[in-house]
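Please read them with the structure open.

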Amino acid sequence: FDTTTATRQRGKRALKIYVEEVVDSNPDQYREALRSDLGPMLTHSPEPRIIFLTTPPRIPDHPFITETIPEAKLYGAFFKFSIHDNKQLSPEQFEACIRRAGGQGSIEFRREYMCDIVRDTTIVVVPEFETAKHVQLCDMPQHCYPQLTIDWGGVRDLTVALLHTYDYMTDTDLIFDERVYPANTSTESIVKDLREFEAQTKVTARYADVPGQLQVDLNAMGYETRLPIKQDWQAGINYMNARFYQGKAKVHPKCKFLIESLQSGTFNKNKTDFERTAALGHCDGLAALMYALRSQDRSAPWDRGALD
């Protein structure tokens, strides 16, 4: 399955459609191809069916996993088969499959031979993030410096704001809450909502990745921001992974968009930028977190009066 083969079928008629291997398909292109290219081909079919013969995609927020599989289960049309159902394999062939896949515990074996839905850590931006380990209920420390960090999207991307702080006693970065705004949301609307958002706690610093003129406009509105540390994009990603690997970053369950971004955000093919998707935007949640972790004030609580 890819968009080229799907687009070439436009205008044809079909009784049934068999789709093979959506495992590497782009999430947005997958949805568009089904709705615009393949779906209309079944208009005159007396029993329209689209049958998928595939291993699961490599990211858990792919619409095949979040939309197609649940719909198939609803209609009793979901069937899962693993290597154990293949009775034609000899014991030697079975063991060879395990060996070539890197062992029964490998991602490749679980996906390709067991048909499990697994997160492929070779393509996601933050492979060190684990929901069970890093998503935890957490309280704001009694003495800390809460900050707000914003990745401002403007006319094309999402705007994501994260409320976060640092627990000096445990050397842990804590991300408590988030706000997500669609592209083209007016600056006035975002600022108004963020003021109300910030009223819940005493924010000691505010960082925003914004162009120069917007920063001037924000300052004129009395909403002053600082520019986050942006030098060396790859180093920022590496640092984000390191904090999760060390167990030094926790995300509150209410940060649903950020959690999904950490779970499923991927690079482009050349790994020179974040991939764009309809669900996660330009990985704007990850950009906000990357800025937040690098700009976080990690001073001792008594250094700047937090204990006063």
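Which residue takes a positive phi in the hairpin of S4 and S5? Aspartate 171 does, with phi near 55 degrees, in a hairpin that has four residues between the strands.

1. Basis. The model is predicted: local features need pLDDT of at least 70 and side-chain atom pairs count only at pLDDT 80 or more, while totals for chains, interfaces and linings use all residues. Residues are numbered from 1 along each chain as its sequence is written, and side-chain values use heavy atoms, with hydrogens and water left out.

2. The sheet. Five strands form an open sheet with mixed pairing, in the order S6-S3-S4-S5-S7. Strand S6 (205-209) and strand S7 (249-251) are at the edges with a single partner strand each, so one side of each has no neighbour in the sheet. From one strand to the next the twist averages 25 degrees. Strands here are DSSP runs (E, at least two residues) and helices are DSSP runs too (H or I, at least four residues), numbered from the N terminus. Two strands pair if DSSP finds at least two bridges between them.

3. Pairing of S4. Strand S4 (residues 159-167) and strand S5 (residues 172-181) are antiparallel, paired over nine bridges. Within this pair leucine 162 stands opposite glutamate 178, and tyrosine 166 stands opposite aspartate 173. Strand S3 (residues 147-151) also runs antiparallel to S4, joined to it by five bridges. Here glutamine 147 has histidine 164 of S4 as its bridge partner.

4. Burial of S4. Nine of the nine residues of S4 are buried; the term means under 20% relative accessible area, with exposed over 50% and partly exposed in between (1.4 Å probe, protein chains only). Thr159, Ala161, Leu163, Thr165 and Asp167 point one way from the strand, whereas Val160, Leu162, His164 and Tyr166 point the other way.

5. Helices on the sheet. Helix H9 (residues 233-245) lies across S4, S5 and S7 and runs at about 85 degrees to S7. Helix H10 (residues 256-264) packs on the sheet as well, touching S4, S5 and S7, and its direction makes about 105 degrees with that of S5. Contact means heavy atoms within 4.5 Å. Axes are lines fitted to C-alpha atoms, for helices over the stretch in contact, and angles run from 0 to 180 degrees between N-to-C directions.

6. Why is H10 largely enclosed by the rest of the structure? Seven of its nine residues are buried, so the rest of the structure largely encloses it. The buried residues are Phe257, Leu258, Ile259, Ser261, Leu262, Gln263 and Ser264. They pack against helix H6 (131-134), S4, S5, H9, S7 and H11.

7. Salt bridges. The count comes to 17, where a salt bridge is a side-chain nitrogen of Lys or Arg within 4 Å of a carboxyl oxygen of Asp or Glu. One of them pairs arginine 243 with aspartate 171, whose closest N and O atoms are 3.4 Å apart. This pair links distant parts of the chain, 72 residues apart: arginine 243 is in helix H9, and aspartate 171 is in the loop between S4 and S5. Arginine 243 is buried at 5% relative accessible area, whereas aspartate 171 is partly exposed at 27%.

8. Further charged pairs. Arginine 179 and aspartate 177 meet in a salt bridge at 3.7 Å, N to O. Arginine 179 is partly exposed at 25% and aspartate 177 is buried at 10%. Lysine 230 bridges to aspartate 209, with the closest N and O atoms 2.9 Å apart. Lysine 230 lies in the loop between helix H8 (212-220) and H9, and aspartate 209 in strand S6, so the pair ties together parts 21 residues apart in sequence. The relative accessible area is 42% for lysine 230, which is partly exposed, and 14% for aspartate 209, which is buried. Salt bridges that share partners also join Asp24, Arg58, Arg111, Glu112 and Asp120 into one network.
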